[in-house]
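Hi everyone, thanks for coming.

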Amino acid sequence: MALSPSALPDDAVICSCHNVTKHAIGQCASLAEVKQCTKAGTGCGSCVKVIEKLLPAATDKGLCGCFPYGRSELYEIARTLRVTSFAALLDSHGRPEARGGEGCEVCKPTVGSILASLNNGYILDGEQASLQDTNDHFLANMQRNGSYSVVPRVPGGEITPEKLIVIGEVARDFGLYTKITGGQRIDLFGARVDQLPSIWTRLVDAGFESGHAYGKALRTVKSCVGQTWCRYGVQDSVRMAIRLELRYRGLRSPHKLKSAVSGCARECAEAQSKDFGIIATANGWNLYVGGNGGATRATRTCSPRTCRTPNWSG
Ligand code: SF4
């Protein structure tokens, strides 16, 4: 039998993104207040259902002090009414006292993400630029100590020796710590903000672009070596991964989006544990959706027959 959140001890951590305990949540009267005062529920969001169970039944489910609606309701409002700006959404659906204001640190990035997902335009255009966090402006990921990490896109994990050498030279010349990521890319850590333009100039000149390692967007489509090299492979998983990554790069979503392609049922790319994953069969490809572990999980599988699309051949 599942333990009710009310049975947890006061020092139990409810929001692990922001290290917020049950006791701290108990000091608040509404979800909006919890988010505003403790930041709990504003990270990955998977703890929101638990937080709601810890609050009084008649609690205000609003996103923050500016909006009386939750994220999914705001998404539907923006989608159905075709709202394209934060100011318009705040004026039409914000709390009366918040209308005409500038929003807060909870609703601005949330609405920024909703608008970016719906409109999918250039996210630094016009008013939207002020809704994005620092990372999107610098094409780099701010780290604990205020330095930045830079992750060039490496579609499908396929990279030439020449590009590897450029990454190595950039890391050496700027004194950066390098690490291979779980998404088959190379992360360059420790860049100062004033170094970022020079770093990106060298990377772009070598043919790289941002891998969006900081964005609520498609991150990577990793792959195993597949049929070309592996004796068990039944399809070209590298080609498929590259096609998917190049097709969906830049796509904004409510959360980071990761994928993988395996060249056979042995599943070396761990596609079933990605947000969407693809596994080759002798007859085509199986598609798995919703595999990335979270508080709730739904996995669906397509049969090779329904997923066998001629355009998807390697
Ligand atoms: S998933 Fe299959 S094709 Fe890919 S590396 Fe593993 S064994 Fe080889």
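This is a predicted model: local features need pLDDT of at least 70, side-chain atom pairs count only at pLDDT 80 or more; totals for chains, interfaces and linings use all residues.

Residues are numbered from 1 along each chain as its sequence is written, and side-chain values use heavy atoms, with hydrogens and water left out.

Let's start with the overall picture. For 314 residues, a compact globule would have a radius of gyration near 20 Å, and the 22 Å of this protein agrees with that. That radius is taken over C-alpha atoms, and the globule rule is 2.2 Å times the number of residues to the power 0.38. Along the principal axes, the C-alpha atoms fill a box of roughly 60 × 50 × 45 Å.

How much of the protein is buried? Buried residues make up 43% of the 314, where buried means under 20% relative accessible area, exposed over 50%, and partly exposed in between (1.4 Å probe, protein chains only). The accessible surface comes to about 16500 Å², and 52% of that belongs to carbon and sulfur atoms; these areas come from the Shrake-Rupley method with a 1.4 Å probe, and for residues only the protein chains shown count as cover. As for contacts, meaning heavy atoms within 4.5 Å, take the ones between residues at least 6 apart in sequence: 54% of them join residues at least 24 apart.

Now to the ligand. Which residues surround it? They are Cys224, Gly226, Cys230, Tyr232, Gly233, Gly263, Cys264, Arg266, Glu267 and Cys268, with a residue counted as near if one of its heavy atoms lies within 4 Å. This shell divides into five nonpolar, three polar and two charged residues. In that scheme Ala, Val, Leu, Ile, Met, Phe, Trp, Tyr, Cys and Pro are nonpolar, Asp, Glu, Lys and Arg are charged, and the others, Gly among them, are polar.

Next, please look at strand S9, residues 276-281, where we find glycine 277. Glycine 277 is buried, with a relative accessible area of 0%. Leaving aside residues up to four places away in sequence, glycine 277 touches Ser259, Ala260, Ala271, Asn286, Leu287 and Tyr288.

Aspartate 275 sits in the loop between strand S8 (257-262) and S9. Is aspartate 275 buried or exposed? At 17% relative accessibility, it counts as buried. Its C-alpha atom is 6.1 Å from that of leucine 257, 18 residues apart along the chain. With the residues up to four places away again set aside, aspartate 275 touches several residues, including Leu257, Tyr288 and Asn292.

On to the aromatics. The structure holds four aromatic pairs. Rings of Phe, Tyr and Trp (its six-membered ring) pair if their centres lie within 6.5 Å; planes under 30 degrees apart count as stacked, over 60 as edge-to-face and the rest as tilted. One of the pairs joins phenylalanine 138 and tyrosine 148, edge-to-face, at 5.5 Å centre to centre and with 65° between the planes. Phenylalanine 138 lies in helix H7 (residues 134-138) and tyrosine 148 in strand S4 (residues 148-150), so the pair ties together parts that are ten residues apart in sequence. Phenylalanine 138 is partly exposed at 32%, whereas tyrosine 148 is buried at 4%.

Another edge-to-face pair is formed by tyrosine 248 and phenylalanine 276, with 6.5 Å between centres and 80° between planes. This one links distant parts of the chain, 28 residues apart: tyrosine 248 is in helix H10 (residues 237-248) and phenylalanine 276 in strand S9. Tyrosine 248 is partly exposed at 29%, while phenylalanine 276 is buried at 15%.

Finally, some backbone angles. Most residues other than glycine have a negative phi. Arginine 82, however, has a positive phi of about 55°. This arginine 82 is in the loop between helix H4 (71-80) and helix H5 (86-93), and at 73% relative accessibility it counts as exposed. Leucine 139 also has a positive phi of about 55°; it is placed in the loop between H7 and strand S3 (141-142) and is partly exposed at 35%.

How values were computed
Helices (H or I, at least four residues) and strands (E, at least two) are DSSP runs, numbered from the N terminus.
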